[in-house]
Amino acid sequence: MTATGSAPPPLLAALDAVADGAAARDHDARGCFPTEAVVALERAGAFVPPPQGAYADELALLRTVARADLGVARILDGHLNAIERLRVHAAPDLREQELAAIEAGMLRAGVWGADPVPGTGEGAPAVTDGHVIRGVKTFCSGAGGVDRALVLVRHQDDGDGPPSAAWVDLSDSARVHVDRDWFRGGGMRSSASHRVVFDDAPVLALLGGPGALTQQPWFARDAVRTAATWAGAADAAADDALAQIAARPESELSSLAAGEIMLLRRTIDLWLAEGARVLGADPAPADAEASRVAAQLRAALAAAIRALLDTAERALGSRPAATGAPLDRAARDLRLFLLQHRLDPILARDGAAALAARRRGA
């Protein structure tokens, strides 16, 4: 599957349902979990564990879902990332049990990594004693609708070492409190990315040792899955912009805007194809290569998407924002989502390593 038009008929019907409800979800001030959209995708098989070796298909799926609704795709993104980490890091018994439940449609999963910002009154970051988790995480996509979460935590007695990944049971609402008043953003309403407070929620296992979540190529594959959702929202923005430009009188400036949008969209296509090729390879790429490709891909996509949005909005003026057009919704979603990913430090590390290698060789 490489595009929406080549998706299986059940998935096409589910994508239409997700797209039809996107505007209503965008107006949901409480940011409730998008149950109807997720159930439609589940019935179409989108939440079933994908075959191993189908990484390019995962990216294509995420892109098509994000074209319909980026927030819903964010939930699917976390679910697929969690599935891969179960496969890679979980003990065999737990892995088989949890994957079987996901396959049967009994469990949804997410990955929750963001800590509250110090000094903001949001609560202490989550910690664990290996058996339960207590504390706070923020930007918990899918909160209130997923059953398991891979939560980045520190042990109570640890210092500043890398965090561990706890596989947490979210089924007890008395131990997992979803704060729907925390998230007030103008975009990503349908992602249900709330603040969650853990009060001795059970930890089913610690997946890998401290720092396991950043191991390559899995960390890079996680990052590029997320970038595929950015691409899908950019598709939605481009489709709406081109349709609106085409409905206006022809001019050289409108033609230039359309050409620039198509160029930027092609840039996104090429980078995602490269990410699928490198990170989906067997054998897996070397750690440095995986990290470099993911960093460059995300930075290139972020730049292309911001340029695409700027071009579309300058060409069309204020009307799409005033009327809540799909371009406006995609732009709000993307601008908020891209701000969650600080790419400059990653590129700086990559550049420093390249310069150090040149200096050693000089």
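This report walks through the pockets, ring contacts, cysteines and backbone features of a predicted model.

## Ground rules

Because the model is predicted, local features need pLDDT of at least 70 and side-chain atom pairs count only at pLDDT 80 or more, while totals for chains, interfaces and linings use all residues. Residues are numbered from 1 along each chain as its sequence is written, and side-chain values use heavy atoms, with hydrogens and water left out.

## The largest pocket

Let's start with the open space. Rolling a probe the size of a water molecule over the atoms shows where empty space is left. Here the search runs on a 1 Å grid over the protein atoms alone: a pocket is an open set of points with protein on both sides within 12 Å along at least five of seven lines, a cavity is a set of points where a 1.4 Å probe fits but cannot get out, and lining residues have an atom within 4 Å of a point. Grid points are joined across faces, edges and corners, and a volume is the space filled by probe spheres set on the points.

The largest pocket holds about 1,100 Å³ of space. Its lining is made of 36 residues, and those nearest its centre are Leu152, Phe219, Arg298, Gln340 and His341. Two or more lining residues come from each of helix 5 (70–89), strand 1 (109–112), strand 3 (132–140), helix 7 (218–246), helix 9 (287–316) and helix 12 (344–361). Helix 7 is the top contributor, with five residues. These elements are DSSP runs numbered from the N terminus: helices are H or I with at least four residues, strands are E with at least two. Sorted by class, the pocket lining has 17 nonpolar, 14 polar and five charged residues; here Ala, Val, Leu, Ile, Met, Phe, Trp, Tyr, Cys and Pro count as nonpolar, Asp, Glu, Lys and Arg as charged, and the others, Gly among them, as polar.

Across the whole structure, one cavity of 30 Å³ or more turns up. The volume of the largest cavity is about 50 Å³. Lining it are Ala22, Arg25, Asp26, Asp69, Met188, Arg189, Ser190, Arg329 and Asp333. Helix 2 (22–26) and helix 11 each supply two or more of them, with helix 2 giving the most, at three residues. The class count for this cavity lining is two nonpolar, one polar and six charged residues.

## Aromatic contacts

A pair of aromatic rings is described by the distance of the centres and the angle of the planes. Rings of Phe, Tyr and Trp (its six-membered ring) pair if their centres lie within 6.5 Å, and planes under 30 degrees apart count as stacked, over 60 as edge-to-face and the rest as tilted. The structure holds four such pairs. Trp182 and Phe183 make a tilted one, with centres 6.4 Å apart and planes at 50°. Trp230 and Phe337 are edge-to-face, at 6.5 Å centre to centre and 85° between the planes. This second pair bridges distant parts of the chain, from Trp230 in helix 7 to Phe337 in helix 11 (residues 326–339), 107 residues apart.

Buried means under 20% relative accessible area, exposed over 50% and partly exposed in between (1.4 Å probe, protein chains only). Trp230 is buried at 0%, and Phe337 is buried at 1%. Ring pairs also join Phe139, Trp182 and Phe183 into a cluster; in it, Phe183 is buried at 7%, whereas Phe139 is partly exposed at 30%.

## Cysteines

A disulfide is a covalent bond between the sulfur atoms of two cysteines. With the cut-off of sulfur atoms within 2.5 Å, the count is zero. Cys140 is buried, at 0% relative accessible area, while Cys32 is partly exposed, at 38%.

## Backbone details

Two cis peptide bonds are worth a look. Gln216 and Pro217 are joined by one with omega of about 5°, and Pro217 lies in the loop between strand 7 and helix 7. The bond from Asp282 to Pro283 is also cis, with omega near 10°; Pro283 is in the loop between helix 8 (252–279) and helix 9.

Phe139, in strand 3, has a positive phi near 55° though it is not a glycine. Asp200, in strand 7, is another non-glycine residue with positive phi, near 60°.
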